[in-house]
Amino acid sequence: MVRYPKDRKEQTRRRIVEAASRAYREQGVSGVGIGELMQSVGLTHGGFYAHFPSKDALVAEACDRGVSELSSRLFAEAEERGGADGLRLLIRGYVSRLHRDDPGVGCTMPSLAADVSRAAPEVRAGFTRTLRRFLARVAELLPSRAEEAPAEEPPDEALVLASGMVGAVLLARAVDDPELSDRILLAARRFYTGAFAEGAGRAPE
């Protein structure tokens, strides 16, 4: 009899969630079927239900783990830099052509917010948890909060900045005019950098 590692089921579940998170960011929740997703990780449609009771449960977990490779790297670099310099780095990297043009490795929020707003409560709860973590990390970088103890709820400045960055990427992806798309990124980056990190942004990268 074949012996499998004790954590094999958890490893398989993680692979499914990672594949789902990327696929949902690229194609939207409704654009990805369970059969197609399971095939992409070398598993059967029926095997899905050994890991999740429903598609909503998978979407919720994909949202809850929705900090992407790009977001993780940007936050790590910004936190290492710290203060206004770190915040400028975050804004410049998040509100960028790179993020706009590759949603599969980008942040969950601009990719899935519209889908999630119409989703089941458990999906919205998973998305909300990811947003709260995102807001907390943005708040830590705000120069105005540098001398203050961490608060239980994010400050209004973090809400405004996060909403602005997410919205800029969402709109830049949505329009069919490349020049307008670049202008959205540049204008948002300049405004939010000037308002929150005391400096001017550069052209979209």
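**Helix packing, piece by piece**

A: In this predicted model, α7 and α8 are roughly antiparallel to each other, because their axes cross at roughly 150° and an angle over 145 counts as roughly antiparallel. The axes of α7 and α8 come within 10 Å, and the crossing is left-handed.

Q: Which residues of α7 and α8 meet there?

A: From α7 the contact takes in T108, M109, L112, A113, V116 and S117, and these meet V123, R124, F127, L131 and F134 of α8. By type, the residues of this contact divide into 8 nonpolar, 2 polar and 1 charged.

Q: What about α8 and α9, at what angle do they pack?

A: The angle between α8 and α9 is about 115°, with their axes 9 Å apart, and that makes α8 roughly perpendicular to α9. The crossing of α8 and α9 is right-handed.

Q: And which residues make that contact?

A: On the α8 side they are F134, L135, V138 and A139, while α9 brings A158, L159, L161, A162 and M165. The residues of the contact of α8 with α9 divide into 9 nonpolar, with no polar and no charged ones.

Q: Staying with α8 for a moment, what span should its 21 residues have?

A: At 1.5 Å a residue, the 21 residues of α8 should span 30 Å, and the end C-alpha atoms of α8 are 31 Å apart, which agrees. The buried residues of α8 are V123, G126, F127, T130, F134, L135, V138, A139 and L141.

Q: Then α9, which of its residues are buried, and what covers them?

A: In α9, which covers residues 156–174, the buried residues are A158, L161, A162, G164, M165, V166, A168, V169 and A172. What covers them includes α5 (83–94), α6 (97–101), α7 (108–117), α8 (121–141) and α10 (178–196). Helix α9 has 19 residues and reaches 27 Å from its first C-alpha to its last, close to the 27 Å expected at 1.5 Å a residue.

Q: Changing topic, where is F52, and is it buried or exposed?

A: F52 is found in the loop between α2 (34–40) and α3 (55–64), and F52 counts as buried because its relative accessible area is 2%, where buried means under 20%.

Q: What is F52 in contact with, beyond its neighbours within four places in sequence?

A: Leaving those neighbours aside, F52 is in contact with R13, I16, V17, A57, L58 and E61. Taking one of these, F52 and I16 are 36 residues apart in sequence and 10.0 Å apart in space, C-alpha to C-alpha.

Q: I16 is in α1, so which residues of that helix are buried?

A: The buried residues of α1 are T12, I16, V17, A19, A20, S21, A23, Y24 and R25. Helix α1 runs over residues 8–27, and at 1.5 Å a residue its 20 residues should span 28 Å, which agrees with end C-alpha atoms that are 28 Å apart. After α1 comes G28, whose phi is positive, near 85°.

Q: Last one, stepping back to the protein, how many helices and strands are there, and what share of the residues is buried?

A: The secondary structure comes to 10 helices and 0 strands, and buried residues make up 43% of the 205 residues. Among contacts between residues at least 6 apart in sequence, 64% join residues at least 24 apart.

Technical notes:
Residues are numbered from 1 along each chain as its sequence is written. This is a predicted model: local features need pLDDT of at least 70, side-chain atom pairs count only at pLDDT 80 or more; totals for chains, interfaces and linings use all residues. Side-chain values use heavy atoms; hydrogens and water are left out. Helices (H or I, at least four residues) and strands (E, at least two) are DSSP runs, numbered from the N terminus. Buried means under 20% relative accessible area, exposed over 50%, partly exposed in between (1.4 Å probe, protein chains only). Contact means heavy atoms within 4.5 Å. The expected span of a helix is 1.5 Å times one less than its number of residues. Axes are lines fitted to C-alpha atoms, for helices over the stretch in contact, and angles run from 0 to 180 degrees between N-to-C directions. Angles under 35 degrees count as roughly parallel, over 145 as roughly antiparallel, 65 to 115 as roughly perpendicular and the rest as oblique. A crossing is left-handed if the near helix is turned anticlockwise from the far one by less than a right angle, and right-handed if clockwise. Ala, Val, Leu, Ile, Met, Phe, Trp, Tyr, Cys and Pro count as nonpolar, Asp, Glu, Lys and Arg as charged, and the others, Gly among them, as polar.
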